[in-house]
Amino acid sequence: VRLVESGGGLVQAGGSLRLSCTISGSTDSIDAIAWYRQPPGKQRELVAAVNSASSTYFASSVKGRFTISREYAKNTVYLQMNNLKPEDTAVYYCYSGVLHTWGQGTQVTVSS
């Protein structure tokens, strides 16, 4: 089973990016997905999550700017990030709560 993130890049403050987390394996594996990020020199932190009941969680720092969705047909979970700020700069990882597996991460850099 593999989790592969994509969609990171360099964007100016106020811009948007959509991260994707595609999972190989059973469709059950996208039932519980979390997005974490690790800013430079800091610990990894939880950003957003969705569970099997489609309940969502967002860190206070991203609430109102980030949304999470999933597409079972593509076995993919998305993190839509709007109104990005320089403090959102980090490596973003997805994590499967069912498979207990991490992706390799994708870099997001927001310039001021």
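Which side chain does a polar contact of 2.9 Å join to that of Asp88? The partner is Arg37. The notes below take the structure point by point.

1. **Ground rules.** This is a predicted model: local features need pLDDT of at least 70, side-chain atom pairs count only at pLDDT 80 or more, and totals for chains, interfaces and linings use all residues. Residues are numbered from 1 along each chain as its sequence is written, and side-chain values use heavy atoms, with hydrogens and water left out.

2. **Asp88.** Asp88 lies in the loop between β8 and β9. Strands here are DSSP runs of E, at least two residues long, numbered from the N terminus. Asp88 has a relative accessible area of 0%, so it counts as buried. The scale is this: buried means under 20% relative accessible area, exposed over 50%, and partly exposed in between, with a 1.4 Å probe and protein chains only. The polar contact with Arg37 is between side chains. Such a contact is a pair of N or O atoms within 3.5 Å; within protein, one must be able to donate a hydrogen and the other to accept it, and residues adjacent in sequence count only if both atoms are side-chain atoms. Leaving out residues up to four places away in sequence, Asp88 touches Arg37, Val62, Arg65, Phe66, Asn83, Val108 and Val110. Touching, or contact, means heavy atoms within 4.5 Å.

3. **Arg65.** Find Arg65 in the loop between β6 (56-58) and β7. Arg65 counts as buried because its relative accessibility is 9%. Its side chain makes a polar contact of 2.8 Å with the side chain of Asp88. A polar atom of the Arg65 side chain also lies 2.9 Å from the backbone oxygen of Asn83. Beyond four places in sequence, the residues that Arg65 touches include Gln80, Met81 and Leu84.

4. **The open sheet.** Four strands form an open sheet in the order β1-β3-β8-β7, with antiparallel pairing. The edge strands are β1 (2-6) and β7, and each pairs on one side only. Neighbouring strands are turned by 15 degrees against each other on average, direction ignored. Axes for such angles are lines fitted to C-alpha atoms, for helices over the stretch in contact, and angles run from 0 to 180 degrees between N-to-C directions.

5. **Strand pairs.** Two strands pair if DSSP finds at least two bridges between them. β1 and β3 are antiparallel and have 5 bridges. In this pair, Ser6 stands opposite Ser20 of β3. β3 and β8 are joined by 6 bridges, again antiparallel. Here Cys21 faces Val77 of β8 as its opposite residue. β7 and β8 also run antiparallel, with 6 bridges. Ser69 is opposite Tyr78 of β8, and Glu71 has Thr76 of β8 as its bridge partner. The β7-β8 hairpin has 4 residues between the strands, and Asn75 takes a positive phi near 50 degrees.

6. **Two faces of β7.** In a regular strand the side chains alternate between the two faces of the sheet. Look along β7 for an example. Phe66, Ile68 and Arg70 point to one face and are buried.

7. **The disulfide.** The count is 1 disulfide, taken as a pair of cysteine sulfur atoms within 2.5 Å. The sulfur atoms of Cys21 and Cys94 are 2.1 Å apart. The link is right-handed, with 65 degrees about the S-S bond. It connects distant parts of the chain: Cys21 is in β3 and Cys94 in β9, 73 residues apart. Both cysteines are buried.

8. **The nonpolar core.** A nonpolar core is a set of buried Ala, Val, Leu, Ile, Met, Phe, Trp, Tyr and Cys residues joined through side-chain atoms within 4.5 Å. The largest one has 26 residues. Trp35, Phe66, Ile68, Leu79, Met81 and Tyr92 touch the most other members. Strands that each supply at least two residues include β4 (33-38), β5 (45-50) and β11 (106-111). The largest share, 4 residues, comes from β3. Among the contacts of Leu79 beyond four places in sequence are Trp35, Phe66, Ile68 and Tyr92.

9. **A loop residue.** Asp28 sits in the loop between β3 and β4. Asp28 is partly exposed because its relative accessible area is 46%. Asp28 and Ser52 are 24 residues apart in sequence and 8.8 Å apart in space, C-alpha to C-alpha.
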